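Please keep the viewer open as you read.

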Amino acid sequence: MGNSALKAHLETAQKTGVFQLTGKGLTEFPEDLQKLTSNLRTIDLSNNKIELLPPVIGKFSILKSLALNNNKLTALPEELCKLKKLETLHLNGNHLRQLPAAFGQLSALKTLSLSGNQLQTVPSQLCGLRHLDVVDLSKNKIQNVPDTVGELQAIELNLNQNQISQISVQISHCPRLKVLRLEENCLELSMLPESILSDSQISLLAVEGNLFEIKKLRELEGYDKYMERFTATKKKFA
């Protein structure tokens, strides 16, 4: 991509607050974006070959949405955590193994997509985020869901296509969790905490493709209570 094309993109971005450059084979974060740290509300650099997100990312003070799906990121800089206005972060299809320690400082974050990375656990940093609505951790290498998950504020948690064989009973204490997706994991029925059914806010539990037959779920204590929530929610959206 020539300089003139990039220049045109930058001029448009300065006016609109949106910089979108996807599928161009970029190997690095465009240096010229530094001139727009106070202009940009949206950056989308998905479907490129970017390996590093530079520390300058922390200077985009009004950034609301950042998308870097399908790049080659192996880590994120701590500076990313300075983005106090960031509401949407899409990092699907990278090689991330963990999140920065200060990730819990992204206080405005509502939507986080990390599908198709190398995460091995549900990051505890997510529990500090008070406005989270949707967390997508599908297609990672997560084997267990730890006790810290009880403090997660998300409304929807997607853990489909991991290697989960253990789930902390604390998940039923999540104050806002309505949708829990656990399809295609390694769960035995005995490893599914019954309190998810009998004593949680969860009104949609998706567990197809595990090591038990779905009809066995209906025999569990608390299934009736779960169905009451499920039906009530369905009526609301009907």
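## Ground rules

This is a predicted model, in which local features need pLDDT of at least 70 and side-chain atom pairs count only at pLDDT 80 or more, while totals for chains, interfaces and linings use all residues. Residues are numbered from 1 along each chain as its sequence is written, and side-chain values use heavy atoms, with hydrogens and water left out.

## Domains

The domain assignment of the protein chain gives domain 1 (1-94) and domain 2 (119-237); such bounds come from an automatic or database domain assignment. Taken over C-alpha atoms, the centres of domain 1 and domain 2 are 32 Å apart.

## The sheet

Nine strands make up an open sheet with parallel pairing, and their order is 1-2-3-4-5-6-8-10-11. Strands (E, at least two residues) and helices (H or I, at least four) are DSSP runs numbered from the N terminus, and two strands pair if DSSP finds at least two bridges between them. At the edges stand strand 1 (18-20) and strand 11 (204-206); each has a single partner strand, so one side of each is left without a neighbour in the sheet. From one strand to the next, the twist averages 5°, with axes being lines fitted to C-alpha atoms (for helices, over the stretch in contact) and angles running from 0 to 180 degrees between N-to-C directions.

For a look at one pairing, take strand 5 (residues 111-113) and strand 6 (residues 134-136), which run parallel and are joined by three bridges. Here Leu112 stands opposite Val135 in strand 6.

## Around Asn185

Is Asn185 buried or exposed? Asn185 is buried, with a relative accessible area of 5%; buried means under 20% relative accessible area, exposed over 50% and partly exposed in between (1.4 Å probe, protein chains only). The residue's place is in the loop between strand 10 and helix 2. Its side chain reaches the backbone nitrogen of Ile164 at 3.0 Å, and a polar atom of that side chain lies 3.3 Å from the backbone nitrogen of Gln163. A polar contact is a pair of N or O atoms within 3.5 Å; within protein, one must be able to donate a hydrogen and the other to accept it, and residues adjacent in sequence count only if both atoms are side-chain atoms. Leaving aside neighbours within four places in sequence, the residues in contact (heavy atoms within 4.5 Å) with Asn185 include Leu159, Asn160, Gly209 and Asn210.

Gln143 lies in the loop between strand 6 and strand 7 (144-145) and is partly exposed at 47% relative accessible area. Not counting residues up to four places away in sequence, Gln143 touches Gln120, Gln163, Ile164, Ser165 and Gln166.

## Positive phi angles

Asn47 is not a glycine, yet has a positive phi of about 60°. Asn47 sits in the loop between strand 2 (42-44) and strand 3 (65-67) and is partly exposed, with a relative accessible area of 42%.

Glu184 also belongs under this heading, with a positive phi near 55° in a residue other than glycine. The loop between strand 10 (179-181) and helix 2 (195-198) holds Glu184, which is partly exposed at 45% relative accessible area.

## Salt bridges

Side chains of opposite charge can pair when their charged atoms come close. A salt bridge here is a side-chain nitrogen of Lys or Arg within 4 Å of a carboxyl oxygen of Asp or Glu, and by this rule the count comes to five salt bridges. One of them joins Lys35 and Asp32 (3.6 Å, N to O); Lys35 counts as exposed at 63% relative accessibility, whereas Asp32 is partly exposed at 30%.

The side chains of Glu87 and Lys64 also meet in a salt bridge (4.0 Å, N to O). Glu87 lies in the loop between strand 3 and strand 4 (88-90) and Lys64 in the loop between strand 2 and strand 3, so the pair ties together parts that are 23 residues apart in sequence. Arg181 forms a salt bridge with Glu156, the closest N and O atoms being 3.0 Å apart. This pair links distant parts of the chain, 25 residues apart: Arg181 in strand 10 and Glu156 in strand 8 (residues 156-158). Arg181 is partly exposed at 24% relative accessible area, and Glu156 is partly exposed at 21%.
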